[in-house]
Amino acid sequence: DVPARYRAYGWHVQEVADGNDAEALERALAQARGVGDRPSLIVVRTVIGYGSPKLAGTSKVHGSPLGAEEAAATKAALGIDWPAFSVPDDVLVHMREAAVEGAEAHAAWRAVWSAYEAAHPDLAAELARAMHRELPAGFDADVPTWAPDAPAIATRKASQAVLQAIAPHLPELVGGSADLAGSNLTDLPGERAMAPGDHAGRTIHFGVREHAMATVANGLALHGGLRPFVATFLVFADYLRPALRLAALMKQPVIYVLTHDSIGLGGDGPTHQPIETLASLRAIPNVTVFRPADANETAQAWLEALRRDDGPTVLALTRQNVPHLEVPAGAVVRGGYVLAGEAGTAGADPDLVLLATGSEVSLALDAQAALANEGVATRVVSLPSWERFEAQDEAYRESVLPRAVRARVAIEAGATFGWARYVGLDGEVVGIDRFGASAPGPEVLEAFGFTVGHVVEAARRTLARR
């Protein structure tokens, strides 16, 4: 009973028994417009294929044309006598009158805007900036950086620091979590939560409803000027995927803060440990996925997400602490870059390339040190965003991943699906193609082969094939 369910939510609900009763529809719409303290739902009963003598009310009319004979019979039943693909005169007059009304409404809005602009020039300029999705100068001035010798932190914690640094400069930034704010670290200090009768709050407590949360974010993004972010665990992207896909289709810049990004989260076990999730998100057109390796990559990824205005961005973040890296300015925007190990003997290409994302980048650096002891010249490439890397020109991609170096090992604590594009037929992937297990994070990572020794063995096999 859908109307009863929405009444239980506190919505204003009306029911129209006949979808062809234009007067009843007008009355319901007028009543809904008069309700200002809650959303409205109008439930309209209709018959699919209305008017068709043979096909009305059947599934056959859902996805197939009526056909010439049945179309003629339907027109006869409805008293329609105009030719196919023509517009009746009365319909044309009606639409042209509506266009005039629209122009008048727009002119009235422009007059209101001009008056507001004259009375409050600074606020009007700020509103216009937000509506045009322009970022204010210096919005990133307070974003922190982390020295390599600073205590390790989780990338979700770095995300929290960045979010709190930029929020005061971006009043249009609003969002929240699906009942996981304490884990996603997405609350805005000093900002009250939105509540019934108080829509000025910038934090939204969505509750355990990821799909509804992401759908609301789409509406906020479409509203004009608002920049929404939403948060949950990475594995729960499955619950919000239809809305995320629509954000990608509509090119809306929703930011998804998805934490607990691998089996490294530990004790919650296989139900909460994402395996195939990254690969599935990378497969959605127009979605940019960042899986940053440390706090500094996280900061750059956040800024790039805010600079993007033509589609959604996913930030996949760790629960566990990771060491800080020396990340060059502007490295993350290019999707992939050489982190360590420029060349082999006498300036030649390296013997081996280790590619990694997220928390496994530091593992790649440790493996590089072990391989150096064996005389293997190894380059470590951090690849936080496949989409951004693929968007670079061929010369840049070649400078990071030389085609001549076919000995490659990729490391990611997720499904190996998709990595073949980077490691080729001669390379290997240290990944996980089964569900995880419940244990402390470091123990799970070790049990599934995310160790220096395992990476070194994969490198040896790859080098032997070359």
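Q: In which order do the 5 strands of the open sheet come, and what is the pairing?

A: One thing first: this is a predicted model, in which local features need pLDDT of at least 70 and side-chain atom pairs count only at pLDDT 80 or more, while totals for chains, interfaces and linings use all residues. Residues are numbered from 1 along each chain as its sequence is written, and side-chain values use heavy atoms, with hydrogens and water left out. Now, strands of a sheet pair through backbone hydrogen bonds, either parallel or antiparallel. Helices (H or I, at least four residues) and strands (E, at least two) are DSSP runs numbered from the N terminus, and two strands pair if DSSP finds at least two bridges between them. Here the order is E11-E13-E12-E14-E15, and the pairing is mixed. E11 (337-340) and E15 (428-430) are at the edges with a single partner strand each, so one side of each has no neighbour in the sheet. Ignoring direction, neighbouring strands are turned by 30° against each other on average.

Q: Which helix packs on the sheet, touching E11, E12, E13 and E14?

A: That's H13 (residues 360-372). Contact means heavy atoms within 4.5 Å, and H13 reaches E11, E12 (352-356), E13 and E14 (408-411) that way. The direction of H13 makes about 160° with that of E12; angles run from 0 to 180 degrees between N-to-C directions, with axes fitted to C-alpha atoms (for helices, over the stretch in contact).

Q: In which sense do E11 and E13 pair, and over how many bridges?

A: E11 and E13 (residues 378-382) are antiparallel partners, with 3 bridges between them. Have a look at the pairs: Tyr337 sits opposite Ser382 in E13, and Val338 has Val381 as its bridge partner. E12, in contrast, runs parallel to E13, and 5 bridges join the two.

Q: What order does the open sheet of 6 strands have?

A: Read across, you get E5-E4-E6-E7-E9-E8, with parallel pairing. E5 (203-205) and E8 (288-290) are the edge strands, and each pairs on one side only.

Q: At roughly what angle do the axes of H9 and H10 cross?

A: H9 (residues 210-223) and H10 (residues 237-250) cross at roughly 20°, with axes that come within 6 Å. That makes H9 roughly parallel to H10; under 35 degrees counts as roughly parallel, over 145 as roughly antiparallel, 65 to 115 as roughly perpendicular, and the rest as oblique. Among the residues that meet are Met213, Ala214 and Leu222 in H9 and Leu240, Pro242 and Leu246 in H10.

Q: At what angle do H5 and H6 pack?

A: About 125°, with the axes 5 Å apart. That makes H5 oblique to H6. The residues in contact include Trp113 and Tyr116 of H5, and Pro121, Leu123 and Leu127 of H6. In H6 (residues 121-131), the buried residues are Ala124, Arg129 and Ala130, and they pack against H5 (89-119). After H6 comes Arg133, with a positive phi near 55°.

Q: Where is Val43, in which strand?

A: Val43 is in E2 (residues 40-44). Its relative accessibility is 13%, so Val43 counts as buried. Leaving out residues up to four places away in sequence, Val43 touches Pro3, Gln14, Glu15 and Val16. Arg7 is 36 residues from Val43 along the chain, and their C-alpha atoms are separated by 12 Å.

How values were computed: Buried means under 20% relative accessible area, exposed over 50%, partly exposed in between (1.4 Å probe, protein chains only).
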